Amino acid sequence: MGIDISYNLSKEIKTQNISSQLLMLSGVGPSAQLQAQNITVVMDQPHVGQGMHDNPMNAVFIPSPVPVEVSLIEVVGITSEGTYVEAAGGENFGGGGGSESNSMKLSSAQPFQGGFILEKVMGPLSTGHMELRTKNPNDNPVVTFNYFQHPDDLKRCVRGIQTIERVVQSKAFARYKYADMSFEYLLNLTASTPVNLRPPRSGPGASLPPSAEEFCQHTVTTIWHYHGGCVVGRVVDGDYKVIGIYWLRVIDMSTVGYCPGTNPQATVMMLGRYMGVKITRERLANK
């Protein structure tokens with residue numbers, strides 16, 4: 001079953017003014033959706049807002065008996081199984097902090113020693129869509145990413161959790177975790193912490209360690225790798241011009257149909273520079 005970001009993650013997640021939303025508000029998009037918001041249809045483009053992806057992320061919280069150096073998410077382990085494994089530690093995740101810590105914070109406000117090892121599914125096969133809630137550009141749209149809708153994404157998440165288990169149980173990691181804390185205990189500890197808007201685990205099985213599949217589905221959250229909605233070949237052409245509107249271009253992650261597990265920021269910056277240089281050269285050549 002797919003997971004709707006509007007159900008599992010806050011609707012106030014800062015997605016407003018994404019390109020799909022701006023195109024729709026300008027009258028370019030699925031006509032039925034535009035008409036429902038009393039927006040004049042400039043061009044019926046059913047692919048706008050479709051094919052949206054987000055790399056699902058799951059983290060395992062690991063308390064440490066020894067102080068851990070402050071480390072943001074930096075070192076990336078790329079597995080052959082379709083997952084990226086990273087770590088962050090040393091911060092007071094329980095007391096707040098940056099956006100990374102806020103998505104994984106503990107319910108307790110007390111500081112702790114330790115950190116998280118997380119895994120992300122690269123190039124998720126599950127796809128979603130965006131819908132307007134209002135025609136106010138300051139209002140967030142509703143974005144449904146359908147995390148784990150495709151069974152292969154869930155399988156890759158499970159393999160990522162298994163990779164984290166091998167790391168945590170390795171001899172090299174022994175000094176950074178309490179000897180009496182099994183990996184099953186760590187999964188249960190993490191799963192009992194609110195990381196999204198899904199209801200807390202309850203019922204007779206709630207006290208048992210969740211299976212890897214249950215853990216993936218229950219603790220999924222975003223890693224802010226939103227992409228799609230204005231994909232090349234559907235909404236824009238190879239020059240990033242909106243198909244049917246010659247002088248309008250979209251050059252950002254909404255045009256991307258596949259994103260690996262690493263942060264796409266540098267890729268988007270270079271795409272913008274490349275296209276900016278190309279546009280400038282074309283204009284100078286036509287003078």
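This is a predicted model: local features need pLDDT of at least 70, side-chain atom pairs count only at pLDDT 80 or more; totals for chains, interfaces and linings use all residues.
Me: Why are helices α5 and α7 called roughly perpendicular to each other?
Reply: The axes of α5 (residues 151-168) and α7 (residues 212-219) cross at roughly 105° and come within 9 Å. Angles of 65 to 115 degrees count as roughly perpendicular, and the two helices are therefore placed in that class.

Me: How do you know which residues make the contact of α5 with α7?
Reply: Contact means heavy atoms within 4.5 Å, and the residues that make the contact are L154, C157, V158 and I161 of α5, together with A212, E213, F215, C216 and Q217 of α7. By class, these residues divide into seven nonpolar, one polar and one charged.

Me: What makes β5 and β10 edge strands of their sheet?
Reply: The order of this open sheet of five strands is β5-β6-β7-β4-β10, and the pairing is antiparallel. Both β5 (77-78) and β10 (221-222) have a single partner strand, so one side of each is left without a neighbour in the sheet.

Me: How do you know that β6 and β7 are paired, and how many bridges join them?
Reply: Two strands pair if there are at least two bridges between them, and seven bridges join β6 to β7, with the two strands running antiparallel. As one example, A88 has F116 in β7 as its bridge partner.

Me: What makes β3 and β11 a pair in the open sheet of four strands?
Reply: Strand β3 (residues 50-53) is joined to β11 by two bridges, which meets the requirement of at least two, and the strands run antiparallel. Within this pair, Q50 stands opposite G229 in β11. The order of the sheet is β9-β8-β3-β11, and the twist averages 30° from one strand to the next.

Me: What makes up the lining of the largest pocket, and which element gives the most to it?
Reply: A lining residue has an atom within 4 Å of a point of the pocket, and 21 residues line the largest pocket, with V68, A87, A88, G89 and F173 lying nearest its centre. Strands β6 (83-89) and β7 (114-121) are the elements that give two or more residues, and β6 gives the most, with five. The lining has twelve nonpolar, six polar and three charged residues, and the volume of the pocket is about 510 Å³.

Methods: Residues are numbered from 1 along each chain as its sequence is written. Side-chain values use heavy atoms; hydrogens and water are left out. Axes are lines fitted to C-alpha atoms, for helices over the stretch in contact, and angles run from 0 to 180 degrees between N-to-C directions. Angles under 35 degrees count as roughly parallel, over 145 as roughly antiparallel, 65 to 115 as roughly perpendicular and the rest as oblique. Ala, Val, Leu, Ile, Met, Phe, Trp, Tyr, Cys and Pro count as nonpolar, Asp, Glu, Lys and Arg as charged, and the others, Gly among them, as polar. On a 1 Å grid over the protein atoms alone, a cavity is a set of points where a 1.4 Å probe fits but cannot get out, and a pocket is an open set with protein on both sides within 12 Å along at least five of seven lines; lining residues have an atom within 4 Å of a point. Grid points are joined across faces, edges and corners, and a volume is the space filled by probe spheres set on the points.
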